[in-house]
Amino acid sequence: MGGKSFRLGVLTLAALLLAAASEGAEPPPSCEAVRKVFQLRRLGPLGGVPEFPRAGVDLQVCTSKNPTCCTKKMEERYQIAAKQDIQQVLQTSSATLKFLLSRNAAAFQETFEMLIRLAENYTSTLFCNAYRNMAADATVHVQEFFTDVGLFLFGTDISAEEFVNRFFDTLFPVVYNHVINPGPTDISLEYAECLRAARGDIRPFGNVPKKAVGQMGRSLLPSRTFLQALNSGIEVINTTDHLHFSRDCSRALLRMQYCPHCQGLMLSKPCMGYCLNIIRGCLADLAEVDLHWRGYIQSLEELSGALSGAQGIEHVLLNFHSLVHDALVQARINGRELSEQVNKICGPPVRKPKQSPGCSFDQNKDNQGLKMFSRDSEQTLANRRNAEGNRSERIAGNNCSLLMSGEEKVPLSFKGKPFFSVEFISHLRLYRAFYGGLADQLCGNELAAADGLPCWNGEDVVRSYTHRVVGSGIKAQSANPEVKVKGTDPVISQMTDKLKHVIQLLQGKSFRKYDKWDLQHTGSGGGLDEQISGDCDDEDGCGGSGSGEFKRVLKITDRMPDKTNLSDVKQIHQTNDGSTLDKTGAGCAAMADYITFMLISLVILFLSLW
């Protein structure tokens with residue numbers, strides 16, 4: 001601390017001495033100090049710098065009545081350096097903000113990828129534990145579905161309605177082949193195609209597909225928009241970091257930063273008012289970004305608050321296996337009616353020799369459990385989608401032993417933190433006025449002399465700056481005495497339009513189209529489609545009717561176990577009065593429940609026929 005004070009005192013004394021020398025109108029005895037700085041800054045060949053002051057009749061910006069240490073070539077080099085200096089200061093001032101956005105964008109993307117893979121594991125494990133005979137066939141479609149989820153989340157032009165319906169369309173032939181109308185051989189490809197096309201009319205899964213469309217749309221679209229908005233913010237900062245300066249601005253920067261060198265005033269700094277006029281003039285376009293940048297930060301903050309909870313991506317993805325479970329129960333219960341409808345549309349089943357192996361999921365063999373993917377930098381979602389055929393063959397060969405190699409990583413919320421970091425939004429809020437106060441920040445922290453010290457006013461070292469100091473923005477620059485601002489930079493105008501568009505997306509006008517898919521049924525008195533709508537069913541232990549609405553909550557431990565199956569997922573059915581029904585063992589226990597349910601159904605059917 002003492003060293004800094006000493007150096008500051010030395011610099012202040014030197015500035016005062018230089019000011020006194022300037023006020024005496026005495027030219028520098030030699031240009032040695034100018035030559036040293038010119039060489040240290042590597043601004044050009046040293047041979048072009050005079051050893052002693054000379055008449056500067058050829059200078060265009062750094063003109064002076066006194067002899068000067070500058071030449072026209074030096075003036076050109078100084079002008080380039082002045083623009084580079086201000087761009088460096090701009091990049092330094094925005095570095096923390098850009099790092100904040102880029103770091104969190106990368107963290108969110110990585111967490112999204114982990115959630116997708118974990119949700120895929122849960123859904124595949126559902127088939128391996130409860131529907132072993134069709135697990136190999138179903139797992140292929142599960143993988144395709146979650147690949148589509150990732151492609152949608154990271155910007156591919158595909159709708160949630162499209163890929164959700166495609167999943168249930170492709171799942172229906174598998175369910176028909178193994179659950180609704182099982183036979184000694186598989187159905188033919190042509191018959192399976194007929195089932196896929198007819199799924200929307202037959203509705204074997206009741207309202208579950210519609211509910212899945214609504215949940216996926218309301219959770220994935222805001223998450224995708226949030227991630228895209230972060231990347232757009234980074235793009236805006238990168239653009240403003242490399243701002244194009246006009247000719248008049250470049251000359252003003254040269255006059256402010258390097259013209260003192262020509263008179264040997266190496267330590268002088270510009271007066272605060274002088275600096276503000278020049279920097280506000282040069283950054284007038286950025287001040288126009290301020291209003292939209294404030295709206296961008298506010299919209300990010302508002303959307304982040306709506307991304308958690310029951311409609312958040314984490315809750316929806318990690319509970320998707322429950323919707324699939326409900327869809328399968330729906331199809332099993334209505335099996336006879338579905339077979340009749342299928343026969344009317346597609347005719348009797350056409351079968352071929354069975355080729356698909358059964359599920360040989362062995363949790364004890366070679367310690368093969370379901371592990372989370374680590375992020376593979378060489379594998380994109382797009383080439384993963386293109387390689388589905390090869391991957392399907394591998395999965396069918398490995399059956400249900402989905403060993404996912406790599407270092408296990410845990411998403412943010414699995415460590416007890418909110419999925420969308422409150423700290424991130426709090427830090428981002430500090431930069432709400434970044435562009436509006438940028439000129440003041442640069443002059444106050446980097447460029448201008450401290451109050452009370454002699455300073456450079458563009459012509460000489462003085463005690464204070466006497467010209468009018470203008471405000472920020474394009475309109476205010478009409479009275480700027482130092483810089484002429486002619487109009488708005490078209491590149492900055494494009495960035496402003498981009499921010500406007502991002503704000504509209506963040507405000508969620510496109511999110512509302514998924515509200516129509518929100519099918520939640522409470523109480524009793526509805527048909528079978530309402531009773532098994534994806535929220536609850538009898539096999540989940542919800543009991544009879546009239547007991548109020550049940551909500552399924554998924555609890556995740558702080559660290560995911562190496563072996564993951566449905567018995568590792570604790571499901572709690574919560575009633576309106578706050579009581580809970582704890583259900584575990586959704587793996588083997590689920591199979592036992594199905595067998596018991598089918599036996600009871602057969603007995604009831606037999607008695608009714610009797």
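Let's start with Q79, which lies in helix α3. A word on names: helices (H or I, at least four residues) and strands (E, at least two) are DSSP runs, numbered from the N terminus. Before going on, two notes on the source. This is a predicted model, where local features need pLDDT of at least 70 and side-chain atom pairs count only at pLDDT 80 or more, while totals for chains, interfaces and linings use all residues. Residues are numbered from 1 along each chain as its sequence is written, and side-chain values use heavy atoms, with hydrogens and water left out.

Back to Q79. What does Q79 touch, not counting residues up to four places away in sequence? Q79 touches S250, R251 and L254. Contact here means heavy atoms within 4.5 Å. Q79 also has a C-alpha atom 9.5 Å from that of V61, and these two are 18 residues apart along the chain.

Now the helix pair. Helix α3 covers residues 72–130, and helix α8 covers residues 247–257. They pack at an angle of about 95°, and their axes are 8 Å apart. That makes α3 roughly perpendicular to α8. Axes are lines fitted to C-alpha atoms, for helices over the stretch in contact, and angles run from 0 to 180 degrees between N-to-C directions. As for the wording, under 35 degrees is roughly parallel, over 145 roughly antiparallel, 65 to 115 roughly perpendicular, and the rest oblique.

Who meets whom? On the α3 side we have E75, Y78, Q79, A82, K83, D85 and I86. On the α8 side we have S250, R251, L253, L254 and Q257. By class, this contact of α3 with α8 has 5 nonpolar, 3 polar and 4 charged residues. Nonpolar means Ala, Val, Leu, Ile, Met, Phe, Trp, Tyr, Cys and Pro; charged means Asp, Glu, Lys and Arg; the others, Gly among them, are polar.

Next, the disulfides. How many disulfides does the structure hold? It holds 7. A disulfide is a pair of cysteine sulfur atoms within 2.5 Å. I'll show you some of them.

Take C31 and C69. Their disulfide has an S to S distance of 2.1 Å. The link of C31 and C69 is left-handed, with -85° about the S-S bond. This pair links distant parts of the chain, 38 residues apart. C31 sits in the loop between α1 (2–23) and α2 (32–40), and C69 in the loop between α2 and α3. Both C31 and C69 are buried. Buried means under 20% relative accessible area, exposed means over 50%, and partly exposed is in between, with a 1.4 Å probe and protein chains only.

Then C62 and C259. Their sulfur atoms are 1.9 Å apart, and they form a disulfide. The torsion about the S-S bond is about -80°, so the disulfide of C62 and C259 is left-handed. C62 is in the loop between α2 and α3, C259 is in helix α9 (residues 259–262), and the two are 197 residues apart. Both C62 and C259 are buried.

One more: C275 and C443. The sulfur atoms of this disulfide are 2.1 Å apart. The link of C275 and C443 is left-handed, with -90° about the S-S bond. C275 lies in helix α10 (residues 272–282) and C443 in helix α18 (residues 438–447), so the pair ties together parts 168 residues apart in sequence. C275 is buried, at 0% relative accessibility. C443 is buried too, with a relative accessible area of 0%.

C443 takes us to α18. Which residues of α18 are buried? They are L438, A439, L442, C443 and L447. They cover an arc of only 130° around the axis, which puts them on the same side of α18. That arc is taken from the directions from the helix axis to the C-beta atoms. An α-helix has 3.6 residues a turn, so residues three or four places apart point the same way. Among the elements covering the buried residues of α18 are α3, α8, α10 and α11 (284–305).

Most residues other than glycine have a negative phi. R42 is not a glycine, yet its phi is positive, about 55°. R42 is in the loop between α2 and α3, and is exposed, with a relative accessible area of 76%. R203 also has a positive phi of about 55° and is not a glycine. R203 is in the loop between α6 (189–202) and α7 (208–241). At 33% relative accessibility, R203 counts as partly exposed.
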